[in-house]
Amino acid sequence: MGKYFGTDGFRGEANVDLKAEDAFKIGRFLGWYYKEKHPGERCRIVIGKDTRRSSYMFEDALCSGITSSGADAYLMHVTTTPSVAYIVRVDGFDCGIMISASHNPYYDNGIKVISGSGEKIDDDTIDKIEEYLDGRIPELPLARRDEIGRTVDFASGRNRYIGYLISLADRSFKDKDVALDCSNGSASSIAKPVFDALGARTHVMACEPNGTNINDGVGSTHVEKLREFVLKEHCDIGFAYDGDADRCLCVDENGELINGDQIMYACGKLMKEKGELSEDMIVVTVMSNFGLFKAFDREGIRYEKTKVGDRFVYECMAKHDYSLGGEQSGHIIFSKYATTGDGILTSLRMMEVLLERKCSASKLVEDCPMYPQCLKNVRVSSKEAALSNAKVQAAVDAVAKKLSDTGRILVRESGTEPVIRVMVEAATEKECEDLVDEVIAVIEKEGLKETDA
């Protein structure tokens, strides 16, 4: 991870950690950088944003930087991260930018840079951007006269992406009642039109963004509202997206959660039966549940574990040409159709499984039960200090010894926030929580927890 860019872009509180000046400079650098790489050609950069109030500010700042460097900025407006990745790739843009802080609260925001191949930008380019942000690269030349770039309305790109999603379904969703929790975010402009076009009886919630209600008690990090909504509307299945709709979680007809691990199980099992699962392999992260691994072993599905982060999952998939991978949090990648996690695409693939199996959503995952798991986040003043603290390490080792082969503990740093994540899987929920709290108590006692100002 760089100084500013984590595993999922430059993210932080708007006008505190991430300022309009930063967005302007990122735009300045990217416009100049790609113009230098392709001399004599007009550089084209496509931009999407989520529904946060600050997204409009950052969009304007990026456009000013891009055009002042002599490149053109194409605006998809409110759209999803995977839609930007798709359009960048199929329309030959030099790069793409998504303005979003994903599942974070509305006052945070972020800038994700996407390569011309629709993948997360490479580390070398990120290093160069950070050098420019820190003033370690001399000031860049400004475009003049007819070399100054322009801003282009490109809402048609979002519409074409909607058409692409619709084209991926090979059967009608007629007579299926489907609930969609759009998180008052990017999915608000895309998800319902897709399901309506495919014939579903679509029931929508959290689809009225106002700039400050994105992820506010709704979406993939707050599925309890969707669970109530599915039961109230008597739906066959429900899908919850996050702020930029690159992740998806499900709720079955009984209001029970189907997490990312179980989604991979249901989809991967069918793909294996159809000969569509490359090398019978699914790429997961170290956070995936023991229950998933047991189910995979029973079904003859192989799995490879990576570090947490859809970037690492995709890198492994791309290196070995694997067809399915993802995270428990709902970042699921189907490499035949996308280069990134795509929440709406994931929900379409789950609908295909539901229709193929001709059963209820709960039946799809009844043979893939999850082990009890407790995950708690601790905001710390220094992630490095917390992880290297001798007493914290001793507490983690003590928990691991208690669990032996009946569970596990995982302590890791967030790639996007000043947070340490402590996770335990064990025989009971109480044991999980008690053991997590043991480690957190040591973090607090050592004075590593961030205190309110």
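1. Start with the second largest pocket: β2 gives the most to its lining, with five residues. (Strands are DSSP runs of E of at least two residues, helices runs of H or I of at least four, both numbered from the N terminus. On a 1 Å grid over the protein atoms alone, a pocket is an open set of points with protein on both sides within 12 Å along at least five of seven lines; a cavity is a set where a 1.4 Å probe fits but cannot get out; lining residues have an atom within 4 Å of a point.)

2. Ground rules: this is a predicted model, where local features need pLDDT of at least 70, side-chain atom pairs count only at pLDDT 80 or more, and totals for chains, interfaces and linings use all residues. Residues are numbered from 1 along each chain as its sequence is written, and side-chain values use heavy atoms, with hydrogens and water left out.

3. Back to that pocket. The second largest pocket holds about 530 Å³ of space, a volume being the space filled by probe spheres set on grid points, which are joined across faces, edges and corners. Of its 22 lining residues, Arg 11, Gly 12, Thr 416, Glu 417 and Pro 418 lie nearest the centre. The elements giving two or more residues to this lining are β1 (5-6) and β2 (9-13). By type, the lining of the second largest pocket splits into seven nonpolar, seven polar and eight charged residues. (Nonpolar covers Ala, Val, Leu, Ile, Met, Phe, Trp, Tyr, Cys and Pro; charged covers Asp, Glu, Lys and Arg; the others, Gly among them, are polar.)

4. The count of cavities of 30 Å³ or more comes to one, and the largest cavity has a volume of about 50 Å³. Its lining includes Tyr 86, Arg 89, Tyr 161, Tyr 164, Tyr 337 and Asp 342. Helices α3 (81-90) and α5 (155-168) are the elements that give two or more residues to the lining of the largest cavity, with α3 supplying the largest share, four. The lining of the largest cavity divides into seven nonpolar, two polar and two charged residues.

5. Buried here (under 20% relative accessible area; exposed is over 50%, partly exposed in between, with a 1.4 Å probe and protein chains only) are Cys 432, Leu 435, Val 436, Val 439, Ile 440 and Ile 443. Down the axis of α15 they fall within an arc of 135 degrees, so they line one face of the helix; the arc is taken from the directions from the helix axis to the C-beta atoms. Lys 430 and Lys 445 are exposed on the other side of α15.

6. Which elements cover the buried residues of α15? They include β17 (373-379), α14 (390-403), β18 (408-413) and β19 (419-425). Just after α15, Gly 447 has a positive phi of about 70 degrees.

7. Two backbone spots to look at. Asp 175, in the loop between α5 and β8 (177-181), has a positive phi near 70 degrees. Asn 184, in the loop between β8 and α6 (191-197), has a positive phi near 55 degrees and is buried at 8% relative accessible area.

8. Lastly, Glu 304 sits in strand β14 (residues 302-306) and is partly exposed at 27%. Beyond neighbours within four places in sequence, Glu 304 contacts (heavy atoms within 4.5 Å) residues including Met 281, Val 283, Cys 316, His 320 and Tyr 322.
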